[in-house]
Amino acid sequence: MAFPSALCIFSLLALVQAQSESQQPKIQLRLAGNKRKHYEGRLEVFYNNEWGTICDDDFSILAAQVACRELGFLGAVSWSPSAKFGQGEGRIWLDNVHCTGREKSLAECPSNGFGVSDCRHSEDVGVICNQKRIPGHRFINTMNNNVETLEERVEEIRIRPISSHLKRIPVTEGYVEIKERGKWRQICDEEWTPLNNRVVCGMYGFPGEKNYNNKVYKSLSMRKKKNYWGFSVNCTGNEAHLSSCRLGKPLELKRNGTCGRGLPVVVSCVPGRAFAPSSSTGFRKAYRPEQPLVRLRGGSNIGEGRVEVLKNGVWGTVCDDNWNLRAATIVCRELGFGSAKEALTGAKLGQGMGPVHMNEVECSGFEKSLTDCYFNNDALGCSHEEDAAVRCNIPAMGFQKRIRLSGGRNPYEGRVEVLTEKNGSLVWGTVCSENWGMVEAMVVCRQLGLGFASYAFQETWYWAGDASADNVVMSGVRCSGTEMSLPQCLHHGKHISCPKGGGRFAAGVSCSDSAPDLVLNAQLVEHTTYLEDRPMYALQCALEENCLSSTAKKNDHSSYRRLLRFSSQIHNVGRSDFRPKLGYHAWTWHECHRHYHSMEVFTHYDLLSLNGTKVAEGHKASFCLEDTQCDEGIQKRYVCANFGEQGITVGCWDTYRHDIDCQWIDITDVKPGDYIFQVVINPNYDVAESDYSNNIMKCKCRYDGYRIWMYHCHTGGSRSSDMNEYPGMSNQLHFR
């Protein structure tokens, strides 16, 4: 008799639980406000036919976990009080929310009750969710007759090309399909609008959309059975993802699977110029930006970086006040990418130099350029610590599937192996390490989506790669640094030439998600330049270290050399410390200066004629690297004395005063005239940097035989006229 009794108790508990669940208020959640990512924002509740906010009193990460899961995300990363995402409007529905973290809905958590609050909208709470979605999460419509205000959360969205377009990369045209409960379903186009096309193309990395041949798709839809999704979608055109669009009315599907007079939704997107295949593959049009007024700097991958704008011929940054996804998307589309994935603040992708041109940017979302948006010219109070940045959606090109790292201790390092076609089949093989350097390693890390290169290896015997991939399949690789994949670099093609062979001598890389960025203070150079006539007897150390022109070796001790002296101040504005390539054991002791030099060639000092010919022998300065001074709040880490660690910390600078040995160019043999003074930092790319284009500094100078004038000093890439004048590597695409 005990068993039936237990069964009755279980049934009673289930009945009580069902009754309690049915008595819970029905709510719906959304993320709103000044959000920079689609998985963050002000938390709003739809209750009693009205949207409202939640007060931050007693709110916790446990409540954020419940809310994010209810929205279809895996969980919460953090939560924000005090209306971080802007103040909401209307009712404050919940206050003093207490959750255990196990609830299925925020409505299950104890609170003061709906509408019972003593808060103001300055206390609206926000959440940042895990960007990964719950697999198979299905939206449950709890709000009768209010579906137009709700948001649909779906598993996955794709553009499925028709058979004749299957081999085209990237996929720019096809049926829009949604994965629901493990099945791919098409969308009825009865309620579909061009703004929906804009959102779909943007999330797949395309800046625009175009018309397509409707007859082809209409003919195909007549022959194939359709499986429609049960809702329409209503986008504003500014959403970062289709799942962020409002849900439209449920569709009344016919018994034969049709949607009235409608057909399956098809989109045709316009790729950016860098991603458009040649006309021979069927594409004749590609989005071609006009002369850019906006660029990205400091990003590790294509389509990301610090936002810089051109004003009066000078490049400057954007302050992150009010910076959001809408403004970031304008930047991305302007540059030929899709919509923005992230709007980054706080100089997350490194600090810029020069002026801050824009502040408090506000965009409608449909401007052609960021410069068309409303903004405040007054950037007082903004520093480069507040530089805005973006990460854009880019098309899937399949590059990552054709390269891999093998044998490393972690996924960020290893022997480089590429997939190539040989005798009609695809085989994996190695890359010849002859002349393999940091620039080539940068391209590999970018192709893999692993950030920047930290090291380039010409021997990889210590990494046990795939033995079947030992054969060299690519040699003579020379990259400019702007390529998206290794095959885009110059290489030997089918005629492999690699004297060392593969195996232990195959090329390898180590990647990192951050890198330093060195920039020379041009104004300091301009303000500290002067001439000094110095006797040879006081220049013996400099002569030993090759800091003088070759003619100095013929001079006696009583003769003089004319020196162009200046100070240099080299800032690290990147996101990781600048460390020398070589370890302690390889450093060189300089007896004259009584310290170790960790880099034999750290800068080039040159005096050039106006046509670029060297008139004073280039001085290859070797340096001891240390933190001379740092920004407020940053501690010095590197010091040359006592065989100390060498480098330049992020936010610090290394200063070489004009009055120390070798801080000059020997111009004894130079005739009077107009010249160009040039300094190049890290000229051989020995150490990885996020942007090499700003490693060059040039000044105009006039020498009358007695005095010298230095003027118009500026770093590479800081002016519009520098586009072709300053070679260097950045993450900006160059088109051939």
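**Cysteines in a predicted model**

Q: Why is Cys 701 called buried in this predicted model?
A: Cys 701 has a relative accessible area of 1%. Buried means under 20%, so Cys 701 counts as buried.

Q: How do you know that Cys 701 is in no disulfide?
A: The nearest cysteine sulfur, that of Cys 699, is 7.7 Å away. A disulfide needs sulfurs within 2.5 Å, so Cys 701 is in no disulfide.

Q: What makes Cys 68 and Cys 129 a disulfide?
A: Their S to S distance is 2.1 Å. The cut-off is within 2.5 Å, so the pair qualifies. Cys 68 lies in helix H2 and Cys 129 in strand S6, so the link ties together parts 61 residues apart in sequence.

Q: Why do Cys 68 and Cys 129 count as buried?
A: Cys 68 has 0% relative accessibility. Cys 129 has 1%. Buried means under 20%, so both residues count as buried.

Q: What is the handedness of the disulfide of Cys 445 and Cys 511, and why?
A: The torsion about the S-S bond is about -85 degrees, so this disulfide is left-handed. Cys 445 sits in helix H6 and Cys 511 in strand S26, 66 residues apart.

Q: What is the handedness of the disulfide of Cys 630 and Cys 652, and why?
A: Here the S-S torsion is about 100 degrees, so the disulfide is right-handed. The pair links strand S35 to strand S36.

Q: Why is Cys 630 called buried?
A: Cys 630 has a relative accessible area of 18%. The limit is under 20%, so Cys 630 is buried.

Methods:
Residues numbered from 1 in each chain as written. Predicted model: local features only at pLDDT ≥ 70, side-chain atom pairs only at ≥ 80, totals over all residues. Heavy atoms only, no water. Helix = DSSP H or I, 4+ residues; strand = E, 2+ residues; numbered from the N terminus. Buried < 20%, exposed > 50% of the residue type's maximum accessible area, 1.4 Å probe, protein only.
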